[in-house]
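Welcome to this short tour. Please take a look at the sequence and the structure below, and then read on.

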Amino acid sequence: MPDAQTLQPQAVSAPGKVFVAGGYLVLDRKYTALVFGLDARIYVEIEPIQTRSGVTLSEIIVRSPQFLDAAWEYGYRLTEGDGGIAVTQLRVSHASSLNKNPFIETALTFALTYISTLQPTRIAPSNISILADQAYYSNPGKPLTSSSRFLNFDVTLPDAHKTGLGSSAALVTAFTAVVLSYYLPKKAFSLDTDAGKRVLHNLAQASHCAAQGKVGSGFDIASAVYGSCLYRRFSPALLSSLPTPGSPLFAKTLKSLVEDEGGMWDVEIAKAKVKMPRGLRLVMCDVDCGSQTPGMVKKVLKWREENREAADAIWDKLQKGNEAFAAELTRLATEEGENVGKEKYAKLKDTIVSNRALIREMSKASGVPVEPPQQTALLDACSAVEGVVGGVVPGAGGYDAIVLLLEDKEETIQALRKVVEGWKADSEGEVTIGKVGILGVREDMVGVRREDVEIYKERTTS
Ligand SMILES: Nc1ncnc2c1ncn2[C@@H]1O[C@H](COP(=O)(O)OP(=O)(O)OP(=O)(O)O)[C@@H](O)[C@H]1O
Ligand SMILES: C[C@@](O)(CCOP(=O)(O)O)CC(=O)O
């Protein structure tokens with residue numbers, strides 16, 4: 001491995017996501033999800049720690065300067081019994097309490113362990129910094145420096161109000177990518193190759209699941225790596241053979257899993273099946289609702305288990321509807337010039353309306369507010385705006401967001417803004433939804449990408 005003097009600063013970014021179709025269905029490999037990457041990205045930069053000559057540290061310092069108390073210092077060492085690299089958080093001062101960031105700690109443990117299996121020489125210390133685009137959080141903020149486009153949110157991370165764009169998946173993906181790119185020579189890992197992207201995808205899925213303490217469908221990591229795509233999940237059993245970090249054979253098993261020695265990764269990522277027609281765009285709205293509905297996934301899955309026949313009927317119809325929706329988007333994007341005029345989006349509109357009806361059926365039958373009446377009213381009002389094709393509740397649904405497909409015209413956005421910003425929901429049921437805001441994001445097809453370190457520096461200062 002090159003020594004600290006020759007390690008070059010690197011920067012990588014990864015996009016956030018909006019899950020447009022296939023929520024719950026995608027947990028079962030029989031079904032797929034339609035996920036769009038967004039132009040809100042998380043950037044991670046790595047550079048050598050400047051130490052006085054003769055001083056050798058085994059320390060990696062991670063900072064997220066947009067937040068208060070957001071610095072984490074880690075010591076690391078190779079463990080016995082092929083347990084990989086153990087990462088230990090160091091206390092900044094005796095008085096300070098340990099403020100954990102499980103996503104960073106786990107991504108670092110997994111990435112350094114993988115690196116140690118390829119190059120058993122000492123890992124040099126480094127400084128890592130994280131910057132997130134504004135749309136990930138709805139807190140107000142001031143520019144980090146007088147001319148920076150990144151905001152100082154002036155709150156701790158637990159106090160930040162997330163808008164649900166998948167910050168942890170974008171972070172784990174960009175973080176893992178930059179650490180691998182920095183410590184490994186190009187011939188062992190490159191983000192520019194398909195093999196490199198596969199390694200990144202597999203490693204980021206494994207560490208994101210470990211940090212979350214659960215195995216979701218993994219759509220958020222897939223879109224952070226590959227951008228917008230039609231996604232079929234990996235079999236969750238794949239990850240069950242992985243020992244916990246530090247325990248015997250963790251390193252060897254991780255390497256074999258990440259490099260897919262057994263040909264076990266059955267994930268399917270179809271980028272060509274998702275396109276955005278020219279002239280259309282996505283808009284996301286954040287809904288203030290003061291109420292989270294925990295356990296929605298568990299409840300829907302339990303209902304499905306107990307009502308298999310009824311559930312499968314909805315699941316199958318919805319899968320067909322979702323496929324029809326993706327196919328129509330792709331057709332419009334590739335067959336320019338046909339069906340001009342008002343009728344151009346008629347099929348898309350109808351598909352969205354019938355898919356929403358199936359989602360409401362799912363909500364009603366399972367008793368889980370996937371598209372609750374408050375969101376039905378909001379979606380209907382937005383869909384009636386001239387130029388709006390339709391909209392859905394993204395991901396698991398609930399009260400806190402909607403996503404709309406509309407004509408990419410200033411007058412359409414303005415008309416939509418009038419409806420959402422003046423939105424007053426009838427207090428129906430137990431949950432009253434409050435202010436609705438349009439997020440400054442749109443779809444982006446590009447996944448993880450290398451950033452020029454100079455540009456990264458400019459972005460933090462200009
Ligand atoms: N800018 C950041 N700097 C450091 N850590 C961050 C940052 N953003 C997110 N994280 C880490 O990710 C965690 C949030 O992850 P979580 O999965 O709860 O949210 P999310 O991925 O944004 O949500 P969703 O899945 O609803 O889109 C934070 O608690 C923190 O550990
Ligand atoms: C319900 C589910 O299908 C989607 C959840 O999406 P989100 O976290 O609401 O963006 C769960 C999953 O795919 O892991």
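A polar contact is a pair of N or O atoms within 3.5 Å; within protein, one of the two must be able to donate a hydrogen and the other to accept it, and residues adjacent in sequence count only if both atoms are side-chain atoms.

## Before we start

This is a predicted model, in which local features need pLDDT of at least 70 and side-chain atom pairs count only at pLDDT 80 or more, while totals for chains, interfaces and linings use all residues. Residues are numbered from 1 along each chain as its sequence is written, chains are lettered from A and ligands numbered from 1 in the order in which they are written, and side-chain values use heavy atoms, with hydrogens and water left out.

## Ligand 1

Let us begin with ligand 1. Around it are 16 residues, of which S64, Y137, K162, G166 and S167 come nearest; a residue counts as near a molecule or strand if one of its heavy atoms lies within 4 Å of it. Helix α2 gives the largest share of this shell, 3 residues. Helices (H or I, at least four residues) and strands (E, at least two) are DSSP runs, numbered from the N terminus.

Some polar atoms can be picked out here. N101 has a polar side-chain atom 2.9 Å from an oxygen atom of ligand 1, and Y137 has one 2.7 Å from a nitrogen atom of the ligand. From the backbone of G164, a polar atom is 3.0 Å from an oxygen atom of ligand 1. On its own, ligand 1 has 650 Å² of accessible area, and the protein covers 77% of that. Accessible areas come from the Shrake-Rupley method with a 1.4 Å probe; for residues, only the protein chains shown count as cover.

## Ligand 2

Which residues surround ligand 2? They are K17, F19, G23, Y24, V26, L27, G216, S217, F219, V297, G395 and A396.

An N or O atom in the side chain of K17 is 2.7 Å from an oxygen atom of ligand 2.

Buried means under 20% relative accessible area, exposed over 50%, and partly exposed in between (1.4 Å probe, protein chains only).

Which strands pair with β2? Two strands pair if DSSP finds at least two bridges between them. Strand β1 (residues 10-21) is an antiparallel partner, with 10 bridges, and there A11 stands opposite E45 of β2. Strand β6 (residues 126-132) also pairs with β2 in the antiparallel sense, over 7 bridges, with I130 of β6 opposite V44. Strand β9 (residues 229-232) runs antiparallel to β2 and is joined to it by 3 bridges; here A33 has Y231 as its bridge partner.

## An annotated span and helix α4

An unreviewed UniProt entry lists residues 158-227 as "domain: GHMP kinase N-terminal". UniProt positions are given in the numbering used here, feature names are shortened, and annotations may be inferred rather than shown by experiment. In the model, this span is 63% helix and 0% strand, and its end C-alpha atoms lie 27 Å apart.

Helix α4 covers residues 219-226; 8 of its 8 residues are buried, so the helix is largely enclosed by the rest of the structure. Among the buried residues of α4 are F219, I221 and Y226. The buried residues of this helix pack against β1, β2, α2 (167-183), α3 (194-212), β9 and β10 (268-270), where contact means heavy atoms within 4.5 Å. After α4 comes G227, with a positive phi near 80 degrees.

Is L191 buried or exposed? L191 is buried, with a relative accessible area of 7%, and sits in the loop between α2 and α3. Not counting residues up to four places away in sequence, L191 touches V12, A177, S181, K197, L200, V448 and R450.

E305 belongs to helix α6 (residues 296-306). E305 counts as exposed, because its relative accessibility is 57%. The side chain of E305 makes a polar contact with the side chain of R308, at 3.3 Å.
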